[in-house]
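Colleague: Before I rely on your labels, I would like to hear the value and the cut-off behind each of them. Shall we begin with the model itself on display?

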Amino acid sequence: MTDLEAIRARHSVRNYLDKPIPAELRAELDGFVATLNAESALHIRIVYDDPAGFDSRLAHYGSFRNVANYIILAGKKDGDFDFRCGYYGEKLVLFAQKLGLNTCWAALTFNKKRVRELVPEGESLCMVIALGFGASQGTPHRGKDADKVTELSGPAPDWFRDGVEAALLAPTAVNQQKFCFSLEGEEPVIRVKGLGTCTRVDLGIAALHFELASGIKVKAK
């Protein structure tokens, strides 16, 4: 499965099978996490076989079922901490999709007390991502049209349109898609547009999707 195939196949899944992630997949995931942590200066961690992480009233309210594995996005908080959590967290989400696993980003609907126990002192918790074998593959959600998330003075290059279309498939908090792409000369730029929750995390996720589809690095503002 290519990156673009993973982008198209990935949908948020909240209901999971009672099926452990096998050792060979854990080894691949953990190896990839080590690479991401080295690149990002984050402390990303996968917790396996711990139903307590999503055993809370909020998790049940959010319709999460049988979540036994999850990804913790944490680290030293600085100016672009949230953006990096989105960018590198989504890299891990797409990698998991390629391995046949399912995921769902969670900003609030997890057991905060349990998860914070696993975050070292001095680090900030950004978000958690449910991980496992989904009871289904999830369903797509209708997003905005491309012209609602772009600001251009002229026609868009093909690579730009490809990037925007992939960004519109990115998971965002409550499907808000509060981002906007533009061009500064020939350089693509992404910024937050409007008010919302977790907008800088969403910006990182959308930026990654854009880059994977366009092959062009995007500048975040």
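Colleague: Why is Arg114 called partly exposed?

Modeller: This is a predicted model, in which local features need pLDDT of at least 70 and side-chain atom pairs count only at pLDDT 80 or more, while totals for chains, interfaces and linings use all residues. Residues are numbered from 1 along each chain as its sequence is written, and side-chain values use heavy atoms, with hydrogens and water left out. Buried means under 20% relative accessible area and exposed over 50%, with partly exposed in between (1.4 Å probe, protein chains only). Arg114 has 24% relative accessibility, so it falls in the partly exposed class.

Colleague: How do you know that Arg114 and Asp50 form a salt bridge?

Modeller: The term requires a side-chain nitrogen of Lys or Arg within 4 Å of a carboxyl oxygen of Asp or Glu, and the closest N and O atoms of Asp50 and Arg114 are 3.0 Å apart, so the pair qualifies. The two partners are 64 residues apart, with Asp50 in the loop between strand 1 (43-47) and helix 3 (57-61) and Arg114 in helix 5 (residues 112-117), and the pair therefore links distant parts of the chain; helices (H or I, at least four residues) and strands (E, at least two) are DSSP runs numbered from the N terminus. Asp50, with 10% relative accessibility, counts as buried.

Colleague: How many salt bridges does this rule give, and what makes Arg84 and Asp78 one of the pairs?

Modeller: The count comes to 12 salt bridges, and in the pair formed by Arg84 and Asp78 the N to O distance is 2.7 Å. Arg84 is buried, because its relative accessibility is 10%, whereas Asp78, with a relative accessible area of 42%, is partly exposed.

Colleague: What makes Glu151 and Lys193 a salt bridge, and where do the two residues lie?

Modeller: Their N to O distance is 3.5 Å, so the pair meets the distance condition. Glu151 is in strand 5 and Lys193 in the loop between strand 7 (187-192) and helix 7 (199-214), 42 residues apart, and the pair links distant parts of the chain. Salt bridges that share partners also join Asp50, Arg114 and Glu117 into one network.

Colleague: Why is Phe210 called buried, and what does it touch?

Modeller: The relative accessible area of Phe210 is 0%, so the residue belongs to the buried class. Phe210 is in helix 7, and, not counting residues up to four places away in sequence, it touches Trp159, Phe160, Gly163, Val164, Phe181, Pro188, Gly215, Ile216 and Val218, where contact means heavy atoms within 4.5 Å. The C-alpha atoms of Phe210 and Ala166 are separated by 5.7 Å, with the two residues 44 residues apart along the chain.

Colleague: How do you know whether Phe81 is buried or exposed?

Modeller: Phe81 has a relative accessible area of 1%, so it is buried. The residue lies in helix 4 (residues 81-98), and, leaving aside its neighbours within four places in sequence, it is in contact with Leu42, Ala74, Gly75, Lys76, Ser124 and Cys126. The C-alpha atoms of Phe81 and Ile46, 35 residues apart along the chain, are separated by 19 Å.

Colleague: What makes the backbone of Asp49 and of Cys198 worth a remark?

Modeller: Most residues other than glycine have a negative phi. Asp49, in the loop between strand 1 and helix 3, has a positive phi of about 55 degrees although it is not a glycine. Cys198 lies in the loop between strand 7 and helix 7, and its phi, near 55 degrees, is also positive. Asp49 is partly exposed, with a relative accessible area of 47%, and Cys198 counts as partly exposed at 28% relative accessibility.
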